[in-house]
There are 2 protein chains.
Amino acid sequence: MRFEPVTIKDIAKALNLSTSTVSRALRGSHEIGAETKKQVLEYAEEINYRPNPIALSLKERRSRSIGVIVTEIANNYFSQAINGIESIAYNRGYHVIITQSHESMEREMVNVQHLANRGVDGLLVSLSSESIDISYLKDLHEKGLPIVFFDRITDEIETHKVTADNHQGAFHATEHLIFQGYKRIAHITSSPYLSITKERLEGYKAALKKHHIKFDESMVKYCSHGGMINSEVDEALNTLFKSKMKPDAIFAGGDRLTMTCFGCLKRLNPKIDVGFTGFTNTKTGELFSPSLTVIKQPAFEIGQTAIELLIQLIESKRPVTDFQTKVLPTELIIRESAMKKK
Amino acid sequence: MRFEPVTIKDIAKALNLSTSTVSRALRGSHEIGAETKKQVLEYAEEINYRPNPIALSLKERRSRSIGVIVTEIANNYFSQAINGIESIAYNRGYHVIITQSHESMEREMVNVQHLANRGVDGLLVSLSSESIDISYLKDLHEKGLPIVFFDRITDEIETHKVTADNHQGAFHATEHLIFQGYKRIAHITSSPYLSITKERLEGYKAALKKHHIKFDESMVKYCSHGGMINSEVDEALNTLFKSKMKPDAIFAGGDRLTMTCFGCLKRLNPKIDVGFTGFTNTKTGELFSPSLTVIKQPAFEIGQTAIELLIQLIESKRPVTDFQTKVLPTELIIRESAMKKK
DNA sequence: TTTTTTTACGCAATCGTTCCCGATAACGAT
DNA sequence: ATCGTTATCGGGAACGATTGCGTAAAAAAA
């Protein structure tokens, strides 16, 4: 069974006109008589004519659709960012196609290739934690496909980029723990290759330095799957708590990681006698026990900014060479999990 | 700047062949000489030729893409269902386009129309809470567009449907509260028009009846925005707690609603001296205070089942008339929030 | 009245691909 | 020598929409 939409030809045949006349009438061209125009418009309305976007894509060599690749949508940060993307895209007449890499470089590549072949006008990319070699993105970019990176960005491709102020966020989270009296603050974070990991680590270090706490490499644990694998986080925590420099607080990076880490922590240490802060955008942090002190990123706005820059790139007449990296401020939300040490 | 992919014409020109020959060679037709075929294949590989899916869509009037519409992806249930959908779709060579209605009938309609025009081969639909009039879906369905409903289904369109066993889930949740000694169990739920609302209400009623508790209409509160608007839930709770038949337990329906409701409850009544259960798929329920007793739906499997049925519809040679409604079992996860009454 | 301009429309090409027809040549059978 | 086969390939229409160009008739200017 096939789904048969009405075309411009049906209108032309019914009204005994040529398709060109119908097309022009529909687009309100001045070179069509008022009477004819009215007829066409009315008939089109009557049979509920909608132009075929596929035919248009073929003709105009643009699809008015943009591709988004994130690690997973079941992530408060990304789902909010996507809402930001959609809020702008729809108003500007673009359709959004969302794909997930699940932190796998392989899937990221397959999805990106598929989107490119599928004729998206541009790409919004947040890299997976495995994506070390991004030459396939580079190729596409060099061939002229507009790309904007958000959240997990890269130095290797020169284009617009949008992120939260990860350095500042990590700095505030760490300093907050210090203000509350914690001294031995561990940092559980994602893959060391990610831009956000590096930036947050730097912010963490900067806060320690400011308050004259010596940075200890062994207090930083990398979970390269970003919290998707429980055992990875369990192991990191176990190692930390078994060391002689047992931490008295933990600062977690990443939305998914923060959740997983807090869950593992609670299982390992049900009283939670360590301080805890994390990067997350969940609204449910206040319902936790203890309620979560977190760094919240302006995910919605990041999504909006990214799509705006992308559309700008797509619709620009001449090649853009002046690229910008926008950094949006984070917010520290203070609750119980990082309360003053007794 | 424009992104210029290589076409079959480029190959034809370079090799001094016609496009038809190249096309056939590429598809391995037997009526092309071995030598020519090899040439074409090698050259295509060399310049990294990829068929243009848009042109194919136009020609074949199918896009190998399927549209999904859910209320929002920032919902544990839906994001898991989408993962289930993707897991099957990609293996079967279908691309998945996700759209959100945000519980608005208007946006649902716009998205569905867009997807249909965009040439999706089929639709996976979970209705918004506002969708009372679904004639626009009916039209599309009658014109031959394959549709499968999941989660929030409807009687008005005859096709495949997939849901959790909402009656059973609600029954278990309610009975669990009864077993724990609660007597005055209120039910906070979504729009009364939704199938899931009706089914869950029936399950709730059935449990009450079994245990000889009289059903009281005033103990059921409908939040038609499904927990997207805090004040709606606040008001429902306030009314309940101010009534003379003050409830001693609450059973919430819906993922989003359960979260919102628990949040409001905690604000209103920080000690949480009432029992609480809800429908949700979050993995973080155990981190809450008190940890959440919930009904979990097999979201991933529901997504998988739905897409399988849809692909079956799409690829069927003749019109399908034998439709099924699959109902998957739910799971009661017992934690603290519905513990025995002191 | 003749010429020019304007109005209002149709023809055909185009986008990338497939596929129905033909067309051509080689070759064997008659 | 003629015909039928088979193998191999090209021409061109089609999918739905837009658009440059051409042109008829009508209106305006000469």
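Author: Begin with a single residue. This is a predicted model, and in it B:E158 counts as exposed because it has 11 C-beta neighbours inside 10 Å; the limit for that class is 12 or fewer. B:E158 is found in the loop between β4 (147–150) and β5 (161–164) of chain B.

Reader: How far apart are B:E158 and B:E199 in sequence and in space?

Author: The two are 41 residues apart in sequence, and their C-alpha atoms are 19 Å apart.

Reader: Which residues of β5(B) point one way, which the other, and are they buried or exposed?

Author: B:K161 and B:T163 point one way, B:V162 and B:A164 point the other way, and all are buried.

Reader: How do I read the pairing of such a strand?

Author: Strands of a sheet pair through backbone hydrogen bonds, either parallel or antiparallel. Here β4(B) and β5(B) pair in the parallel sense over two bridges, with B:V162 in β5(B) as the bridge partner of B:F150. β5(B) is also joined to strand β11 (residues 325–328) of chain B by four bridges, and these two run parallel. In that pairing, B:T163 stands opposite B:V327 of β11(B).

Reader: In what order do the six strands of the open sheet in chain A come?

Author: The order is β7-β6-β8-β9-β10-β12 in chain A, with mixed pairing. At the edges are β7 (220–222) and β12 (331–333) of chain A, each pairing on one side only. From one strand to the next, the twist averages 15 degrees. Within this sheet, β9 (residues 275–279) and β10 (residues 293–296) of chain A are parallel and share three bridges; one residue pair to look at is A:G278 with its bridge partner A:V294 in β10(A).

Reader: Which strands does helix α8 of chain A lie across?

Author: Helix α8 (residues 166–179) of chain A lies across β6 (185–189), β8 (249–252), β9, β10 and β12 of that chain, and runs at about 170 degrees to β9(A).

Reader: How many residues are in contact between the two chains?

Author: On chain A there are 40, in contact with 38 residues of chain B. The elements giving two or more residues to the chain A side are α4, α5 (76–91), β2 (95–100), α6 (105–117) and α11 (255–268). By class, that side has 17 nonpolar, 15 polar and eight charged residues. The copies meet through the same surface, because 95% of the interface residues of chain A are also interface residues in chain B.

Reader: Which residues come nearest to DNA strand D, and which to DNA strand C?

Author: Around DNA strand D there are 25 residues, and A:T7, A:I8, A:S20, B:T21 and B:G33 come nearest. α2(A) gives the most to this surface, with five residues. Its residues divide into nine nonpolar, 11 polar and five charged. Around DNA strand C there are 26, of which A:S20, A:T21, A:G33, B:S20 and B:N52 come nearest. The surface near DNA strand C has nine nonpolar, 11 polar and six charged residues.

Terms used
Residues are numbered from 1 along each chain as its sequence is written. Chains are lettered from A and ligands numbered from 1 in the order in which they are written. This is a predicted model: local features need pLDDT of at least 70, side-chain atom pairs count only at pLDDT 80 or more; totals for chains, interfaces and linings use all residues. Two strands pair if DSSP finds at least two bridges between them. Axes are lines fitted to C-alpha atoms, for helices over the stretch in contact, and angles run from 0 to 180 degrees between N-to-C directions. Two residues are in contact if their C-beta atoms, placed from the backbone, lie within 7 Å. A residue is near a molecule or strand if its C-beta atom, placed from the backbone, lies within 6 Å of it. Ala, Val, Leu, Ile, Met, Phe, Trp, Tyr, Cys and Pro count as nonpolar, Asp, Glu, Lys and Arg as charged, and the others, Gly among them, as polar. A residue is buried if 20 or more other C-beta atoms lie within 10 Å of its own, exposed if 12 or fewer, and partly exposed in between; C-beta atoms are placed from the backbone.
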